[in-house]
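Please look over the sequence and the structure shown here before reading on.

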2 protein chains.
Amino acid sequence: MSRSTVQLKTPKGTRDWVGDDLLLREKIFKTITDVFKRHGGIPLDTPVFEIKEILSEKYGEDSRLMYDLEDQGGELCSLRFDLTVPFARWLAMNGHVTHIKRYQIAKVYRRDQPAIARGRLREFHQCDFDIAGVYDPMVPDAEILCVITEVFEALGLGITIKINHRRILDGLFAVAGVPDDKIRSISSAVDKLDKISWDDVKKEMLEKGLSDEVADQIGEYVRRSGNINDMLEMLKSNEKLNSNKDVSAGIEDISLLASYLKAFGIVDTVSFDCSLARGLDYYSGLIFEVIMQAPSGPGSQSKSPASQVGSIAAGGRYDNLVGMYGKRPIPCAGISFGVDRIYTILKPSSEKDSKTSPVSRNLDVYVMAIGGKDFDGLLLERMAVTRELWKAGIRAEYMAKAKPKSLQQFKAAIGVPLAIILGQEELAAGQVRLKVFRSNADEEKDMGQLISRESLVEEVQKLL
Amino acid sequence: MSRSTVQLKTPKGTRDWVGDDLLLREKIFKTITDVFKRHGGIPLDTPVFEIKEILSEKYGEDSRLMYDLEDQGGELCSLRFDLTVPFARWLAMNGHVTHIKRYQIAKVYRRDQPAIARGRLREFHQCDFDIAGVYDPMVPDAEILCVITEVFEALGLGITIKINHRRILDGLFAVAGVPDDKIRSISSAVDKLDKISWDDVKKEMLEKGLSDEVADQIGEYVRRSGNINDMLEMLKSNEKLNSNKDVSAGIEDISLLASYLKAFGIVDTVSFDCSLARGLDYYSGLIFEVIMQAPSGPGSQSKSPASQVGSIAAGGRYDNLVGMYGKRPIPCAGISFGVDRIYTILKPSSEKDSKTSPVSRNLDVYVMAIGGKDFDGLLLERMAVTRELWKAGIRAEYMAKAKPKSLQQFKAAIGVPLAIILGQEELAAGQVRLKVFRSNADEEKDMGQLISRESLVEEVQKLL
C-alpha cells in the first residue's frame, strides 16, 4: 500500500455525522417511529440499490438525478431515489400482503444541487409511513394527516399541512386549456410557485408551449389557498370548474376528508393550496406538503430560517404505482418526513439545552489511580475495577497508560460525574475512594470518601 | 408511465427485512451499542459511498469485490467496503481528533458469492468499535477483546476469540523461507485454513510459487493453536522462531496482552491460533476473529449451524492506515461484528420465544363499533376515540370502513389485548365498553364492561 495523495473529502453533497449531532438525529428517528408504532406501523428495510428498470419511469423529470451503479457484469442497478417505489416493488413481490401500514427510515440518493446549510444534501434520510390496501375512501388519507400532526406535536414544532388533489389540479389545467400530454410538465412548473415568482413560473410555461392566455388562466386558478371549507365553497361556486368530472371527484374526496379531520380535531392545521403540485409522477389523488410557518399566499417568499428549509414532509396518494409492476393493483397513500431538514431546525435549540461538549462521552465513572514516587500505576487493578463496572452496565473508562500522572487523569475525567480512585495502601486494606465531582471545586485536593473495594459497584449505583 | 415487465426481485445478494425480523435485528443493534456506550464510545455515520481513490489499494485481493458508481460526470465513487477505511479517512480529515473511541453500525457492500441461508450477503451490516490514538502498548487491544466478551455475554452467546499477531505470522513466513513480496498473498492462502483443508491450502501456495519444502514448513508452524500461555511457551522454546525480530516483538505484545486479559477475567475466552491471518491488507499487529463453538484444530470442518456461519466478529490493529492519507499517523485497533450472521444464529430461539405472528402489529387497543340494522358505523366517533388514545401514546387502530361488520372487527382485533367498543345508545349515555380479550373465550358474546366515555384513556392506561 502506498501513500495516497488524493484530496480528503466526502463526495459532493454528502457529510459525516458524529457524536451529539448523530444522537440528536437518532432521537428524532425514535420520536417519529414511536408515533408510527402507535398507529400499527410495521418496519421495512430494503436494499440501498434496486434493479434500475424497477426504478425507471417512476419519477418523471427527476429521473435524471438518479445515481447508477457501474456495469460490473450482472444486473444494472441504481441507488434508491425514495422509499416509495421500493415499497411498491415489495408489495408487488409479496402477494400475500393485501393491507399494511409500513414505515421505513433510510437514506435516499439524488444527484441534485446540494445546499448543506439548509439541510439539502445528495445523500439524505427519508422517514416514511404508508398505508396500503383497499379501504373506504379518504379514511387512510385522514389517518396519514393525523400521523403528520402527531409527529410534529411530539417534536414540538408548529406546522401547516398544505393539501391539494391531483384530480382537481388536472381538472383545472384541462379547463384552462392545457393539452393532456402537457399536464405533468405544466404541473411540475406550477409546483415551483413556493420557490420562485409567478412571472418565472409563467415564463417556464410559455417555454413549454402554452399560450399567454392559457398560462394566465392557470395563474388565476392556482394562486388560491385558504382553509378547506372556504376553498371547497369557492370551487363549488365556479360552474366551469365544478362541471369538470376530475374537479368534482376531487371536491367529493376533500369534503369527506374535512369531516374526518374534524373528528381528529386537526382541521385547523390544514390549508388547501391550489398551487401545490408535487413533482413526482406517481401521485394520483390527495397530495400534501408540510411547512413550518403559517401559510402565506403562493409565490410569497419569506426569509425566515424555517421557510428557507422548505417543506419538511410531503406525500400523497398513489393508487396506480403497485399495479404498474404487472400484478394486482394496491391503492396506497403515504408521507415522507425530511428528517435532515427537521434536524436543521431542531439543532440550534438542542445546543442551547446541552451543556456538554459537542462530542461528549456520556460516562458515569472515571477509574483512576494515584500514588507516590515508586507508584506502579495500578493498571491491572484499574482494569479489574472497570470491568466490574462494565459488567453492571455502568459507563466507565480509565486512562490507557501504565503509569498515568494524577493531573492527566483529573483532566480526562472532566465532565464525568464520579471517580473511583485507587491507591496502593487503600487497596491493601480492601478499600477504594469514591469521589463526586463538583464544579469549581479544587478537584485534586478532594480525594473522595473511602468505601469498601467489594461494594464499589453497589455504591456507584446508588449515586447514578 | 407504462406497465413494467421487469422481473420483480431485489438485486443479487440483497434482501428485504420486514416486521419482527427487523425488530430482532434492531434489538441486536441496541444490545451491542449499549456495550459500546459503556466503554465511552462515540457514534459516527459516514456516506454510503466514498471517493474511489480513497478506498483503493486498502483491501488487497478483495478490492476487486468493490461496487463502483457509474461515471455520471463528477467524482468517481465506490460503495463502502467496510467501516474501517471510512473511519481512517474521517480521522485523517479531522486533525483535532487525536484520541477517540468511535462506533458505527451501517451497511457495507461486497460483490462476493452470496450464501443467504448462512447470513452471507452482498449488502450486509457491520457494527464496528475502534480505539484510535497513542496509548500504552496493548491496553486498547485488551479493551477491545473485553468489548467483544461483553457483547456476546449480553447477547447470551458462548464464543471463542481466536487471536494471532501479524508480526508473528510474517516472522513465521520469513523463517520458513517465503520471499517478502509473497508474504501477503501466502497469508491470504493460510487464512482459508478454517474453511478448506490443509491439502487445498498447500496446493494454492504451490500455485503461488512456493516450493514443496517451504509450504510444508509453513504447515508445521501455522497448524498450531491453544491457550495463550502454552502457545507463548511453544514459540519461545523454538530457537529459530524466537530469534526472528518480528516473532519476538509479537511474543512481547501477546505476553502483555495476556496479563491484561487476566485482569479482565477473560483469558479463557481466548485461543491463540497461528493459522489466523485475516485477508485485509491494513492490519499491522494483533488480529482476532470470533467463532461460536469451542475451538478445534485448524482445518477441521464441523457441521454445526454455528460453524457454517463462520466468524461472527473480526478485527485487529492497523497502525499505518490513517497515516497513509499523507497526514499524521494515528494508531488504531478495532472490532467489526457481523450482525447479519449473529441474527441468523439468534433468529430460531427468538421465534420459539414469540407467540405472535411473524409480522405483528404490537397494538394495545382495537377501537370498534357495533349496532343494529340501521347502524351507521360510527366512523367519526371511532376516529375521535382513537385520536385520544394516540395522543396519550397508546398504540391503537380501528377498521378503515364506514360501516364495518362486527365479525370483521373482531377478526381484525386478534392478537390485540384490549378493545373499546362503541354503540349508539351507550355513547348517548356518555359511555363506552372496555373489553379485555381472553384466549378461547367466545369473544363476540362478551362485550366488556361499561365505562365512562370521558375516562376511557385513563381506564385503558390502568390495564397496560
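**From loops to the interface**

Leu378(B) is found in the loop of chain B between strand S13 (365–369) and helix H14 (379–391), where helices (H or I, at least four residues) and strands (E, at least two) are DSSP runs numbered from the N terminus. This is a predicted model, in which local features need pLDDT of at least 70 and side-chain atom pairs count only at pLDDT 80 or more, while totals for chains, interfaces and linings use all residues. Residues are numbered from 1 along each chain as its sequence is written, chains are lettered from A and ligands numbered from 1 in the order in which they are written, and side-chain values use heavy atoms, with hydrogens and water left out.

Although Leu378(B) is not a glycine, it has a positive phi of about 50°. Most residues other than glycine have a negative phi. At 1% relative accessibility Leu378(B) counts as buried, a term that means under 20% relative accessible area, with exposed over 50% and partly exposed in between (1.4 Å probe, protein chains only). In chain A, Met138(A) likewise has a positive phi, of about 70°, without being a glycine; its place is in the loop between strand S6 (123–132) and helix H4 (139–155), and at 4% relative accessibility Met138(A) counts as buried.

Within chain A, strand S15 (residues 418–422) has 5 of its 5 residues buried, so it is largely enclosed by the rest of the structure. Leu418(A), Ile420(A) and Leu422(A) lie on one side of S15(A) and Ala419(A) and Ile421(A) on the other, so that both faces are covered. Strand S13 (residues 365–369) of chain A runs parallel to S15(A) and is joined to it by 5 bridges, two strands being paired if DSSP finds at least two bridges between them; here Ala369(A) stands opposite Leu422(A). Strand S16 (residues 431–436) of chain A runs antiparallel to S15(A), with 4 bridges, and Lys435(A) in S16(A) stands opposite Ala419(A).

Strand S7 (residues 160–165) of chain A pairs with S9(A) in the parallel sense over 3 bridges, with Ile161(A) opposite Val270(A), whereas strand S8 (residues 225–226) of chain A pairs with S9(A) in the antiparallel sense over 2 bridges, Phe272(A) being the bridge partner of Gly226(A).

Turning to both chains together, 100 residues of chain A are in contact (heavy atoms within 4.5 Å) with 100 residues of chain B. About 8,900 Å² is buried between chain A and chain B, and carbon and sulfur atoms give 61% of it; this area is the accessible area (1.4 Å probe) that two parts lose on being put together, summed over both. The rule finds 14 salt bridges across this interface, each a side-chain nitrogen of Lys or Arg within 4 Å of a carboxyl oxygen of Asp or Glu, and one of them joins Lys9(A) to Glu75(B) (2.5 Å, N to O).

Strand pairing also crosses between the chains, since 2 bridges join strand S2 (residues 42–45) of chain A to strand S1 (residues 17–18) of chain B in an antiparallel arrangement, with Asp45(A) opposite Trp17(B).
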